[in-house]
Amino acid sequence: MSEIFKFLKKLQKNNNREWFTEHKDEFEVAKTEANVIFESVYQELSKSDELEQLKIYRIYRDVRFSLDKTPYKNHFSAQTGRKKPYKRGGYYIHFEPNNCFIAAGFWGPERDDLLRIRKDIDVSDELVKILQSKELKKEFGELVGDEVKTAPKGFNKEHERIDLLRKKQYIFVKNFTENDILEKDFPKKVVKAFTSLNSFFDYMSEVLTTDENGEPIAY
């Protein structure tokens, strides 16, 4: 078993500062192992996409405004965005016992960006066609994300693409086993999956860098 999961499984049962302090050496080994994988994925992905700096999240939780005062996360994770302003979207990797996955897309679009996406969906079926890609479906299945209950303000609840208009997030998720992430070819598998989203990212980037008349936005 990887040190990543040996440590995280222990942490799940002992999520307190005293235990963590006593097992800090184990944490450092597990963190290093996870970071090596994150960096490998990032370097492999950088060969095919322009990326912002890799962000590896700390294991320490911010409990200031949370009712849950558990001090540590029970996972390791990392994220990178595509290089703005002309490339949009982002990638995420998550290692947790019995819950390893990668995700990509738009987790929290800004209000103006979300409106711009919806306005394009309102008049174009381009996104529908992209989501029907066999390769994309094979790698990720269906588009997921939080939705409004009926229809966004200003849009017809009977619209033929109301399922897409209702989205507040545009996300793809692919699950892996703990053994999967420890295989030498894991970074290549991740990049293969992320590459299946190229048309989706190209579409979203074009929408978010042009106005409603299709004219480029000056940056």
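**How the helices pack**

Guide: Let's start where helix 3 and helix 9 cross, which they do in a right-handed way. A crossing is called left-handed if the near helix is turned anticlockwise from the far one by less than a right angle, and right-handed if clockwise. Helices (H or I, at least four residues) and strands (E, at least two) are DSSP runs, numbered from the N terminus. Please keep in mind that this is a predicted model: local features need pLDDT of at least 70, side-chain atom pairs count only at pLDDT 80 or more, and totals for chains, interfaces and linings use all residues. Residues are numbered from 1 along each chain as its sequence is written, and side-chain values use heavy atoms, leaving out hydrogens and water.

Two packed helices are described by the angle between their axes and the distance between the axes. Axes are lines fitted to C-alpha atoms, for helices over the stretch in contact, and angles run from 0 to 180 degrees between N-to-C directions. For helix 3 (residues 24-46) and helix 9 (residues 186-195), the axes come within 9 Å and cross at roughly 50 degrees. That makes helix 3 oblique to helix 9; angles under 35 degrees count as roughly parallel, over 145 as roughly antiparallel, 65 to 115 as roughly perpendicular and the rest as oblique. Helix 3 brings Ile37, Ser40, Val41, Glu44 and Leu45 to the contact, and helix 9 brings Phe186, Pro187, Lys188, Val190, Val191 and Phe194. Contact here means heavy atoms within 4.5 Å. Sorted by class, this meeting has eight nonpolar, one polar and two charged residues. In that sorting, Ala, Val, Leu, Ile, Met, Phe, Trp, Tyr, Cys and Pro count as nonpolar, Asp, Glu, Lys and Arg as charged, and the others, Gly among them, as polar.

Helix 3 has another partner to show you. Helix 1 (residues 3-13) packs on helix 3 at an angle of about 130 degrees, with the axes 8 Å apart. The pair is therefore oblique, and helix 1 passes helix 3 in a left-handed crossing. From helix 1, Glu3, Ile4, Phe7 and Lys10 meet a set in helix 3 made up of Glu26, Phe27, Val29, Ala30, Glu33, Ala34 and Ile37. This contact has seven nonpolar, no polar and four charged residues. Ile37 turns up here as well as in the contact with helix 9.

Two of these residues lead us on to the rings. Phe7 and Phe27 belong to one aromatic cluster, together with Trp19, Phe20, Tyr60, Tyr72 and Phe76. The structure holds 23 aromatic pairs. Rings of Phe, Tyr and Trp (its six-membered ring) pair if their centres lie within 6.5 Å; planes under 30 degrees apart count as stacked, over 60 as edge-to-face and the rest as tilted. The rings of Phe20 and Tyr60 have centres 5.9 Å apart and planes at 70 degrees, so this pair is edge-to-face. It joins distant parts of the chain, with Phe20 in helix 2 (residues 17-22) and Tyr60 in the loop between strand 1 (55-56) and strand 2, 40 residues apart. Phe20 is buried at 3% relative accessible area, whereas Tyr60 is partly exposed at 31%. Buried means under 20% relative accessible area, exposed over 50%, and partly exposed in between (1.4 Å probe, protein chains only).

Asn15 is partly exposed at 21%. Leaving aside residues up to four places away in sequence, Asn15 touches Thr70, Pro71 and Tyr72. The C-alpha atoms of Asn15 and Lys73 are 8.5 Å apart, although 58 residues separate the two along the chain.

Helix 4 (residues 111-123) and helix 10 pack at about 110 degrees, with their axes 9 Å apart, which makes helix 4 roughly perpendicular to helix 10. In helix 4, Asp113, Arg116, Ile117, Asp120 and Ile121 meet Tyr203, Met204, Val207 and Leu208 in helix 10. The classes here are six nonpolar, no polar and three charged residues.
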